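Student: I've got a model open and I'd like to learn how to read it. Can we go through it together?

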Amino acid sequence: MNSDSLQDIILRVQEFLNNHNTVSIASKNNESVWAATVFYIADTEMNLYFLSSDKTQHIGNIQTDENVAITVYKDVEDWQSIQGLQGTGQISEVGSSDRDKILAGYIKTVSYTHLTLPTNR
């Protein structure tokens, strides 16, 4: 059995999240399931933040049911090298008091974002 402490595991998860930038989000509505991969940033509490249009299938699903499953992983060539994180949680829209700080972090991390975001928020 592995002897890693809880703190060691948390640090490894934080490091993994900080070293990757895409998450696959599985969502559902009353009729179907859907998976979408998006760029994300993570905070120190391992909350993930992403941008998506409210016209997308996954956001429509999340408006119906906020519960999701996620995976973060590195592409590899063979199954023995697969490493990743899987999890479940709830998605909610970021409150206005935190929006500018999180958006600034997202723009800093996801390099093309400044080219695609509308200027009138």
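Student: Let's start with one pair. Which residue is the bridge partner of V72 in strand 6?

Tutor: That's L85. Before we go on, note that this is a predicted model, where local features need pLDDT of at least 70, side-chain atom pairs count only at pLDDT 80 or more, and totals for chains, interfaces and linings use all residues. Residues are numbered from 1 along each chain as its sequence is written, and side-chain values use heavy atoms, with hydrogens and water left out.

Student: What counts as a strand, and when do two of them pair?

Tutor: Strands (E, at least two residues) and helices (H or I, at least four) are DSSP runs, numbered from the N terminus. Two strands pair if DSSP finds at least two bridges between them. Here, strand 5 (residues 67-73) and strand 6 run antiparallel and are joined by 7 bridges. Within strand 6, Q86 is the residue opposite T71.

Student: How many helices and strands are there in the protein?

Tutor: You'll find 4 helices and 6 strands. Starting at the N terminus, the order is α-β-β-β-β-α-β-β-α-α.

Student: In what order do the strands of the open sheet stand?

Tutor: The order is 2-1-5-6, with 4 strands and antiparallel pairing. Strand 2 (33-39) and strand 6 (84-90) are at the edges with a single partner strand each, so one side of each has no neighbour in the sheet. On average, neighbouring strands are turned by 20 degrees against each other, direction ignored. Further in, strand 1 and strand 5 share 3 bridges in the antiparallel sense, and A26 sits opposite A69 in strand 5.

Student: How do I read a helix against a sheet?

Tutor: Look at contacts and angles. Contact means heavy atoms within 4.5 Å. For angles, axes are lines fitted to C-alpha atoms, for helices over the stretch in contact, and the values run from 0 to 180 degrees between N-to-C directions. In this model, helix 1 lies across strand 5 and strand 6, at about 95 degrees to strand 6. Helix 2 (residues 57-64) packs on the sheet too, where it touches strand 1 (22-28), strand 2 and strand 5, and its direction makes about 115 degrees with that of strand 2.

Student: H58 is found in helix 2. Is H58 buried or exposed?

Tutor: Buried means under 20% relative accessible area, exposed over 50%, and partly exposed in between (1.4 Å probe, protein chains only). H58 has 6% relative accessibility, so it counts as buried. Leaving out residues up to four places away in sequence, H58 touches S27, W34, A36, V38, F50 and S52. Of the 121 residues of the protein, 24% count as buried.

Student: Last one: which residues lie nearest the centre of the second largest pocket?

Tutor: I41, A42, D43, T44 and Y49, out of 14 lining residues. A pocket is an open set of points on a 1 Å grid over the protein atoms alone, where a 1.4 Å probe fits, with protein on both sides within 12 Å along at least five of seven lines; lining residues have an atom within 4 Å of a point. Helix 3 gives the largest share of this lining, 5 residues.
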